[in-house]
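This briefing reviews selected features of one protein model. Please examine the sequence and structure shown below before reading the notes.

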Amino acid sequence: SVVIPTYNRLPILQKCLKALETQVLSPDLADYEVVVVDDGSTDATIDWLRSADLPHLSWFEQDHQGPAAARNLGVAKAKGDVIVFIDSDLVVTDQFLQAHVEALIQGQHELGHDRLFTYGSVINTCNFEQPTSEPYKLTDFSAAYFATGNVAIGRHWLEQAGLFDTRFQLYGWEDLELGVRLKHLGLKLIKCPEAKGYHWHPPFALTQLPGLIDREIQRGRMGVLFYQKHPTC
């Protein structure tokens, strides 16, 4: 089950969901679903979802509570034993899910247990028309342990860890905080660069500055909550 929270991102969400409809899976693998949770969007997202003809898609909506609550709802509604988290501004290749599945199987075989999750590659791009044409850059490297932009994990580990803390209602930290709890459970990160996702964001403009400043203020507030929960990290 691919779980995607979204909030006022309709143009890139459309590309995200259409890319997920073209996944190529080997015959021995089960089917997949795409679960979108709209977090109180005020644009035309709901109208579009109502009319979207996408066979793998199911969608749900909630009042604006933040991505942590939206992901928790998505997991609750999902049917799969493996949960893949991506953001709604990520456009993936047709081998995306196959790569995650193969990495999970191989990792479990090598480790002798399923105490693991896979972390795909995220390539930043401002090319809206052809986001998947962007080459990998050094600036795309991430040392994050658990980041929900592109990750696959057994559902039971999420449930054992307690899912996302819904007090993280503003921008940032909710996935890193869950990652701390997963690390305490002994889960190992398996890098899966073949599971490529292209993270679209508009080219920088001065008009974005107020929004960027507000985002960093939110990140700081959530960082305080993270520190209160994990003062020794």
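How much space lies in the second largest pocket? In this predicted model, the second largest pocket holds about 550 Å³ of space.

**Second largest pocket**

- The pocket is lined by 26 residues, and those closest to its centre are Ser-1, Asp-81, Val-82, Val-101 and Leu-104.
- At least two lining residues come from each of strand S4 (82–86), helix H4 (96–111), strand S7 (150–154) and helix H5 (155–161).
- H4 provides the largest share of the lining, with six residues.
- Sorted by class, the lining comprises 15 nonpolar, six polar and five charged residues.

**Helix H6**

- Helix H6 spans residues 174–184 and is largely enclosed by the rest of the structure, because eight of its eleven residues are buried.
- The buried residues of H6 are Glu-174, Asp-175, Glu-177, Leu-178, Gly-179, Val-180, Arg-181 and Leu-182.
- After H6 comes Gly-186, which has a positive phi, near 85 degrees.

**Asp-175, a residue of H6**

- Asp-175 belongs to helix H6 and is buried, yet it has no salt bridge.
- The nearest side chain of opposite charge is that of Arg-71, at 5.6 Å from Asp-175; a salt bridge would require a side-chain nitrogen of Lys or Arg within 4 Å of a carboxyl oxygen of Asp or Glu.
- Apart from neighbours within four places in sequence, Asp-175 makes contact with Phe-146, Ala-147, Thr-148 and Phe-164.

**Lys-229**

- Lys-229 lies in helix H7, which covers residues 209–229.
- This lysine counts as partly exposed because its relative accessibility is 29%.
- When residues up to four places away in sequence are not counted, Lys-229 touches Asp-165, Arg-167, Phe-168, Glu-177 and Arg-181; of these, Glu-177 and Arg-181 are among the buried residues of H6.
- Between Lys-229 and Gly-74 there are 24 Å in space, C-alpha to C-alpha, and the two are 155 residues apart in sequence.

**Leu-49**

- Leu-49 is part of helix H2, residues 45–51.
- With a relative accessibility of 2%, Leu-49 is therefore classed as buried.
- Its contacts, leaving aside neighbours within four places in sequence, are Leu-17, Val-36, Leu-57 and Trp-59.
- Val-36 is 13 residues from Leu-49 along the chain, and their C-alpha atoms are separated by 9.2 Å.

Conventions: Residues are numbered from 1 along each chain as its sequence is written. This is a predicted model: local features need pLDDT of at least 70, side-chain atom pairs count only at pLDDT 80 or more; totals for chains, interfaces and linings use all residues. Side-chain values use heavy atoms; hydrogens and water are left out. On a 1 Å grid over the protein atoms alone, a cavity is a set of points where a 1.4 Å probe fits but cannot get out, and a pocket is an open set with protein on both sides within 12 Å along at least five of seven lines; lining residues have an atom within 4 Å of a point. Grid points are joined across faces, edges and corners, and a volume is the space filled by probe spheres set on the points. Helices (H or I, at least four residues) and strands (E, at least two) are DSSP runs, numbered from the N terminus. Ala, Val, Leu, Ile, Met, Phe, Trp, Tyr, Cys and Pro count as nonpolar, Asp, Glu, Lys and Arg as charged, and the others, Gly among them, as polar. Buried means under 20% relative accessible area, exposed over 50%, partly exposed in between (1.4 Å probe, protein chains only). Lys and Arg count as positive and Asp and Glu as negative; His and the chain ends are not counted. Contact means heavy atoms within 4.5 Å.
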